[in-house]
Amino acid sequence: MTMQSHLLRRLALLAAGFTACAPGLVHAQYVSYGDMGGGAGMDGATASGDSESDASDEGGLDAVPLAKHGGRVKITPYIEASQVMLAELSPGNEVLTYTSIAAGADVAVDGRNTQGALSLRYERRFGWGKDTSDSDTMSGIARVSTAIVPRTLTIEAGALASRMSVENNGATVSGLEFGDSVTQIYSIYAGPSLRTRAGDVDVSAQYRIGYNRVESPNSLSIAPGQPLVDVFDDSVVHNAQVHAGTRAGELLPVGIGVGAGWNREDVSNLDQRVDDKHLRADITIPVGNDLALVGGVGWENVKISSRDAVRDPVTGLALIGSDGRYVTDRSAPRVLAYDAEGLIWDAGVIWKPSRRTALEAHVGKRYGSTSYYGSFAYAPSPRTSVNVSVYDNVSGFGGMLNQSLAALPTQFEAVRNPLNGDLGGCVAATGTVSAGQSNCFGGALGSVRSSVFRARGVMASVGVSGNRLQYGVGAGYDRRKFLAAPGTVLAVANGVVDENVWVAGYLNGRIDRDSSFGTNVWANWYQSGDALTGDSNSIGATAAYYRSITSHLTATAAVGVDGVSRDLVDDVWSAQALVGVRYSF
C-alpha cells in the first residue's frame, strides 16, 4: 500500500467514525471559510448569540434542522488549490515552490441528543524542481457526544491528526517545513458515560479507551557517543470512573459519596505500563447558596513499570531494531520505575454564584506528595468567556493527549494555519465551555519522549466574539518529570524535568460583505532538564486575506513566518507566501 493510499484510508476511517456516531446527519451543507459570517471566538458563544445565525451571509446553503428537535447540522465539504513559495531564511537561503491540492470538510452538529464538531483535511503537495519532493499531509480534529438514552447514557468520542516537527530534545514545533523530523501524530478515544438515580442516590460511571501514535522519527541523536532519546511510538489507554452519592439537604444536611477509578496506559516502547487504581469517600458541606466545602479521603495504588531492551552480549549496548527503536526484551521481568500505595486525601471549595461563573479548587496529597487541581469558568456575556484549569496526573504522552481531547467542548471551529492547513494549539469554541473543559490541546503536544511522566500545569484561555471581530488567546505551563526504571535503557530519563510555556492567539474579522481577514500567532519556550539536549524556543505568525468570488468560490492570499532557536544546533527560520482558491460545495 502506498503512503498516499494509506493516508487516504485513514482519512476515510476518521470521517466514517464521526458519521457513525451521528447517523443520518451528513446531508446539509454550510460554508464557513474565512470567518466572513461572524464566527465565534475562543471559548465564546455564537457571535450572534442565536443558534439560528444566518448561513446565507456565506453564500452557502441554509443549515438543515436536525430531525424534529430544532437542532442544526452544518457540513462544508471543499476542495482547494494553492501555489506556495517557501523561503529558508536560516541557516540557508533555499527557496522552494510547490502546488497544493487539498480536500476536506468542516462539520458542526447541534441537536438535542447529539452535539459535535469535525474539521478534516487531506493535502497533496507537488514540488517544483528536483530539490522539492512531493508529500502528503493529513490533519483533523473531532469531538462528538451522542445521547443513546437522553440524560442517562451518552457515547463520547474524539480524534486528532496533527502534523508536527520534532526537535532533538524531544520538543515538538508547529509550522516548520524544513528537515527530516516532520511527523504525523494521531489520537483517538471513545466510550460511554452514565448518569442516573437509584432512589435518593446519584450514580455516575464513565469508561474511555484510546489509541495514540507518533509515526516518526523513531529516536533522536543528541550527540555522538551519547544515548539516543527514544521517541514515543504508540499506546493504548483505558480510563474508568464510577461514583455514587447523595445530594446535600436530601437524606442528610451534607452530601456524601463513594467512588473508584482506574487508569492504565500500555506504551509500546519497552513495554512501559502505567497502572493507577484508587478508592475514595467524599463529603460536600454547603456553607451558602452558592458556596460549598468539599473533601475526600481514600486509598491509591500507582505502579509504573517497563522492560529493558535486548542487550548485545559482547558490548552490553541496547540493540536497535529495523524500525529505529529499541528492541524490547520480552523475556526480561518487569522492573518498577514508580510504586506508590497508601492514603490519599484532598480538600477544597466549590463556588457557583451564577450560571455564568463556576470555580472549583482542591489541594491534597496524591502520588506521594502535595497535589493541586481545579478549574474556573467565567462568561460575563454570551460573547465573552474565560476558562482556567490546573492539573496533576501521571501518564504517558498518549494518555495526556487523550485527556486533552476529552476536555475539549463539542461545539467549536478549528483554528488552522492558512499556509499549510496545520492545526493550531486551540480551537475556537462556538458554544458554552463548561468548568473543567478547555479549548486548548497544545500543551499535550509539548514533547514526544517515550518515557511516562508526572505532569503538572495550568492552562488558561480568553475569547471574545463580536459582530465584526473575533479574537482569543490561550496560554499554559506544563511541567513533566519523567519516571523510568533503573537499570534499563530509559534510566537516563528518570528524574529529568522538562518545562514548556506556550501561547497561541488569533484575530479574525470581517472587512465587508465579501471579504475578511485572519491572523494567528504562536510561541513555545521549551526547557529541557537534560543538559545534553539543550533548550529550544519556537515562534510563528500568519496573516490571510479572503475574498468571495462567487457564492461557492473564495480566493485567499496569505503570508507567514516561523522558526525555532536552539542552544546546541543551528536556528531555523522560514517565510512563506500563498495564493489559492477554495470551492465549497
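**Ground rules**

I am working with a predicted model, in which local features need pLDDT of at least 70 and side-chain atom pairs count only at pLDDT 80 or more, while totals for chains, interfaces and linings use all residues. Residues are numbered from 1 along each chain as its sequence is written, and side-chain values use heavy atoms, with hydrogens and water left out.

**Cavities**

Grid points are joined across faces, edges and corners, and a volume is the space filled by probe spheres set on the points. Over the whole structure I found six cavities of 30 Å³ or more.

The largest cavity has a volume of about 390 Å³, and its lining is made of 29 residues, with Ser-174, Leu-423, Gly-424, Gly-425 and Trp-522 lying nearest its centre. I noted which elements give two or more residues to this lining: strands E6 (153-166), E7 (172-173), E20 (412-416), E21 (423-429), E24 (497-512) and E25 (515-527). Here strands (E, at least two residues) and helices (H or I, at least four) are DSSP runs, numbered from the N terminus. The largest share, six residues, comes from E24. I then sorted the lining by class, with Ala, Val, Leu, Ile, Met, Phe, Trp, Tyr, Cys and Pro counted as nonpolar, Asp, Glu, Lys and Arg as charged, and the others, Gly among them, as polar. On that basis the largest cavity is lined by 14 nonpolar, 13 polar and two charged residues.

The second largest cavity has a volume of about 50 Å³, and its lining includes Tyr-189, Arg-208, Val-237, Asn-263 and Gly-399. Strand E9 (201-214), strand E12 (234-245) and helix H2 (397-406) each supply at least two residues to it. By class I recorded three nonpolar, six polar and one charged.

Since H2 contributes to that lining, I checked its burial, where buried means under 20% relative accessible area, exposed over 50%, and partly exposed in between (1.4 Å probe, protein chains only). Helix H2 is mostly covered, with nine of its 10 residues buried, among them Phe-397, Met-400, Leu-401 and Leu-405.

**Salt bridges**

I counted a salt bridge wherever a side-chain nitrogen of Lys or Arg lies within 4 Å of a carboxyl oxygen of Asp or Glu, and the count came to 30.

Asp-136 pairs with Arg-124, their closest N and O atoms being 2.6 Å apart. This pair links distant parts of the chain, with Asp-136 in strand E5 (135-149) and Arg-124 in strand E4 (114-128), 12 residues apart. Asp-136 is buried at a relative accessible area of 16%, and Arg-124 is buried at 17%.

Asp-202 and Arg-197 also meet in a salt bridge, 2.6 Å from N to O, and here Arg-197 is partly exposed at 34%.

For Asp-498 and Arg-449 I noted a salt bridge of 3.2 Å, N to O. Asp-498 lies in strand E24 and Arg-449 in the loop between E21 and strand E22 (452-465), so this pair ties together parts that are 49 residues apart in sequence. Both Asp-498 and Arg-449 are buried. I also traced a network in which salt bridges with shared partners join Glu-80, Arg-121, Glu-123, Arg-125 and Arg-582.

**Single residues**

Which partner does Glu-88 have, given that it is buried yet has no salt bridge? The nearest side chain of opposite charge, Arg-566, is 8.7 Å away, where Lys and Arg count as positive and Asp and Glu as negative, with His and the chain ends not counted. Glu-88 is in strand E2 (71-90), and a polar atom of its side chain lies 3.3 Å from the backbone nitrogen of Gly-92.

Val-564, in strand E27 (553-566), is buried with a relative accessible area of 0%.

How values were computed:
A polar contact is a pair of N or O atoms within 3.5 Å; within protein, one must be able to donate a hydrogen and the other to accept it, and residues adjacent in sequence count only if both atoms are side-chain atoms. On a 1 Å grid over the protein atoms alone, a cavity is a set of points where a 1.4 Å probe fits but cannot get out, and a pocket is an open set with protein on both sides within 12 Å along at least five of seven lines; lining residues have an atom within 4 Å of a point.
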